[in-house]
Amino acid sequence: MTSAAHRHHHQHHDDAHGFVAAVEQASSERGLRLTPLRREVLELVAGAGKPVKAYDLLDRLREKHGNAAPPTVYRALDFLLENGFIHKLESINAYVSCHHPQEAHQVPFLICDTCQCAQEVCDERVAELIEAQAKALGFRPQAQTLEVHGTCKNCRESV
């Protein structure tokens, strides 16, 4: 892992178009094939603005392509996950775009149980701390999933 001083010195993408462009560039640099369907699924995830479930993506694809099938969506999602372009939020079985698609990383998420928004915590110290603790205990980590549920600032303020 990198040091805590190296905290995502790459571009952060909040807008869907900038994000898709960054993924296209990263795909090209890595020699990956971002097919039209993969790009379309990526655009749907990026444009959702909050975590989106696979079957919601399938419904959106069927609006354009009436014959879209679940395996098609899951294959596209698998490609995007494997290459670090999106994250899967295990606790709610939904997908979000990665704020840093140029670099593979594992980050915690803050998930609002009221509005279902998810915020990527862009601080590598959390993942590094968990990995260091695991190694100190003789455990070899292969993946991390840290999801913190609660209520976001907007939902707390609107009550």
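A polar contact is a pair of N or O atoms within 3.5 Å. The legends below describe close-up views of a predicted model.

**View 1. Asparagine 83 in the loop between helix 4 and strand 1.**
A polar atom of the asparagine 83 side chain is 2.8 Å from the backbone oxygen of phenylalanine 79. With neighbours within four places in sequence set aside, asparagine 83 is in contact with Arg30 and Leu32. The relative accessible area of asparagine 83 is 17%, and buried means under 20%, so asparagine 83 counts as buried.

**View 2. The hairpin of strand 1 and strand 2.**
Strand 1 pairs with strand 2 (residues 94–97) in the antiparallel sense, over four bridges. Leucine 89 has alanine 94, in strand 2, as its bridge partner. Four residues lie between the strands of this hairpin. Asparagine 93 takes a positive phi there, near 50°.

**View 3. The open sheet of three strands, in the order 4-3-5.**
The pairing in this sheet is mixed. Strand 4 (118–120) and strand 5 (147–150) stand at the edges. Each of these two has a single partner strand, so one side of each is left without a neighbour in the sheet. From one strand to the next, the twist averages 20°. Strands of a sheet pair through backbone hydrogen bonds, either parallel or antiparallel. Strand 3 (residues 109–112) and strand 5 pair in the parallel sense, with four bridges between them. Phenylalanine 109 stands opposite glutamate 147, a residue of strand 5.

**View 4. Cysteine 112 and the sulfur of cysteine 152.**
The closest cysteine sulfur to that of cysteine 112 belongs to cysteine 152, at 3.7 Å. A disulfide requires the two sulfur atoms to be within 2.5 Å, so this pair is too far apart for a bond. The structure holds zero disulfides. Cysteine 112 is buried, at a relative accessible area of 2%.

**View 5. Cysteine 117 and the sulfur of cysteine 115.**
Cysteine 117 likewise takes part in no disulfide. Its nearest cysteine sulfur, in cysteine 115, is 3.4 Å away. The relative accessibility of cysteine 117 is 25%, so this residue counts as partly exposed, whereas cysteine 112 is buried.

Key: Residues numbered from 1 in each chain as written. Predicted model: local features only at pLDDT ≥ 70, side-chain atom pairs only at ≥ 80, totals over all residues. Heavy atoms only, no water. Buried < 20%, exposed > 50% of the residue type's maximum accessible area, 1.4 Å probe, protein only. Polar contact = N/O pair within 3.5 Å; in protein donor to acceptor, adjacent residues only side chain to side chain. Contact = heavy atoms within 4.5 Å. Pairing = 2+ DSSP bridges. Axes fitted to C-alpha atoms, helices over the stretch in contact; angles between N-to-C directions.
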